[in-house]
Amino acid sequence: MTEPWVTALRAALGERVHTQPAELAAVARDASHVMGRPEALIYPETTEHVAAAVRIAREHGVPIVARGGGTSLTGATVPTRGGLVIAFNRMQAILELDVAERTALVQPGHPNAALDQEARRHGLRYTPDPSSRAASVIGGNIGTNAGGLHCLGHGVTGDHVLGLEVVFGDGTIAWLEDTDAADLRALVTGSEGTLAVVTCALVRLLPLPERLAVVVTGFELLEQAGACAERMVLEVPGLVACEFIDDAMLRALDHMAPGILPVNVEAALLIEVEALEEGIDRAIAAVVQCVEESGGSAREARSDEEIEIAWHARRSAFGALGRMHSDSYTHDFATPRDRLVVSLRAAADIAKRHGLVLSSVAHLGDGNLHPRLHYDARVPGSFERALAASEELLVMVLANGGTLTGEHGIGLEKLHALGRQYGDPELDAMRRVKAVLDPAGILNPGKALPEAGADARRGVYADVA
């Protein structure tokens with residue numbers, strides 16, 4: 001029997017509504033370990049289509065999940081409560097690229113990397129660059145306030161969002177700007193689709209740098225790399241990226257950048273600086289001095305091709321590990337810079353204690369860590385050991401003054417731990433905000449923010465572990 005709300009959707013949106021099992025299976029999960037059970041899927045082509053679907057869902061009390069590229073690692077786009085998935089595969093256009101104003105008006109389904117490529121055709125660039133940028137889309141980046149490899153110098157997604165067109169939980173369409181007194185634009189950015197559905201974004205573009213250089217470094221000890229990163233943030237002019245790769249990850253990437261990435265070291269840093277023509281040599285010299293005085297070795301990438309190879313390898317880090325490990329659990333934390341090395345050492349100890357392999361990359365310059373636990377799901381109990389180790393990682397990071405997420409969001413996988421980072425007054429304040437913008441509670445319910453009265457101690461995998 002067809003649900004009344006599905007009938008209403010079909011009357012309003014016609015062939016854009018899909019309910020076949022094979023179609024629903026395609027949106028039942030994301031890049032996390034969580035599986036959902038969607039009941040209907042729509043591919044809107046306009047903001048009005050989205051608003052019509054939201055109004056129908058609200059009338060019938062149906063939960064909604066907005067979906068972009070499906071790259072979430074926390075289950076943020078998994079429809080665990082059934083209901084409706086709004087997928088933005090047909091809203092992928094750049095509506096306007098204003099070279100003079102250095103802005104782009106973009107639909108939420110447009111891939112991150114494709115926007116940057118188009119901007120570069122006009123002497124501009126879109127600088128937020130998560131490693132998933134080839135697949136992740138602007139709407140999803142806004143949902144988690146994604147960072148990326150160059151956020152040290154250029155900021156995270158929210159720093160480049162000037163305006164948002166959104167649909168609130170009552171079906172109202174609104175335009176939010178960074179100049180508004182309340183700045184709801186900033187509130188929606190990073191809210192993981194729980195406050196509004198983003199249907200269009202006005203983003204800032206930056207001019208291409210006059211000169212840039214990449215220095216590839218290696219360190220025998222992790223502590224040396226950490227000390228170097230702290231010093232460079234304070235001393236190196238034009239520092240825009242400081243990316244950490246550990247020894248396990250370097251072994252996986254060696255075939256992708258032979259002769260470029262260092263070998264037989266405990267840590268590597270990929271460092272990028274930007275400057276005017278007359279300042280680039282001074283910036284490179286400052287990097288080399290910091291590296292060598294910290295006990296490391298430094299080598300400047302010799303060409304644009306080498307630079308691209310080095311960054312492609314870094315962006316491909318987790319994918320490359322598929323050659324060595326069948327299954328993995330990726331984490332995303334942020335800690336103060338002076339606790340980075342301690343946290344990475346502690347993460348390795350936790351993994352070893354649970355019989356797991358750990359690999360890590362990090363946006364070291366701004367304290368964002370991505371440790372990854374490797375296991376073999378074919379071995380009974382291995383996933384449970386990964387979950388137990390993950391819980392210890394959460395506790396360790398908070399004890400070191402860190403946060404549960406730097407850019408991947410809370411989603412479902414860290415929902416149970418949010419009460420360890422925030423107290424009841426803070427959580428209640430967040431719930432009151434959601435109640436105003438989504439009074440029926442239909443927008444991505446049960447994600448990012450634990451509901452009042454929910455058992456916050458039970459993780460999404462409680463029944464597994």
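How many salt bridges does the structure hold?

Modeller: Happy to! The structure holds 23 salt bridges, a salt bridge being a side-chain nitrogen of Lys or Arg within 4 Å of a carboxyl oxygen of Asp or Glu. This is a predicted model, where local features need pLDDT of at least 70 and side-chain atom pairs pLDDT 80 or more, while totals for chains, interfaces and linings use all residues. Residues are numbered from 1 along each chain as its sequence is written, and side-chain values use heavy atoms, without hydrogens or water.

Let's start with Arg 231 and Glu 293, whose closest N and O atoms are 2.7 Å apart in their salt bridge. Arg 231 sits in helix H8 (residues 222–235) and Glu 293 in helix H10 (residues 280–293), so this pair ties together parts 62 residues apart in sequence. Helices here are DSSP runs of H or I with at least four residues, strands are runs of E with at least two, and both are numbered from the N terminus. Arg 231 is partly exposed at 22% relative accessible area, whereas Glu 293, at 52%, counts as exposed. The classes are buried under 20%, exposed over 50% and partly exposed in between, using a 1.4 Å probe and protein chains only.

Next comes Glu 306, which is buried at 15% relative accessibility. Glu 306 forms a salt bridge with Arg 299, with N and O atoms 3.1 Å apart at the closest, and another with Arg 302 at 3.5 Å, N to O. Arg 302 itself is exposed, with a relative accessible area of 65%. Shared partners also join Arg 16, Glu 45 and Arg 90 into one salt-bridge network.

Now for a contrasting case. Glu 192 is buried yet has no salt bridge, and the nearest side chain of opposite charge, Lys 447, is 7.8 Å away. For that search, Lys and Arg count as positive and Asp and Glu as negative, with His and the chain ends left out. Glu 192 lies in the loop between helix H7 (184–188) and strand S10 (197–204). Its side chain does reach the backbone nitrogen of Ile 410, at 2.7 Å. Leaving aside residues up to four places away in sequence, Glu 192 touches several residues, among them Thr 74, Gly 143, Ile 410 and Asn 444; contact means heavy atoms within 4.5 Å.

Notes: A polar contact is a pair of N or O atoms within 3.5 Å; within protein, one must be able to donate a hydrogen and the other to accept it, and residues adjacent in sequence count only if both atoms are side-chain atoms.
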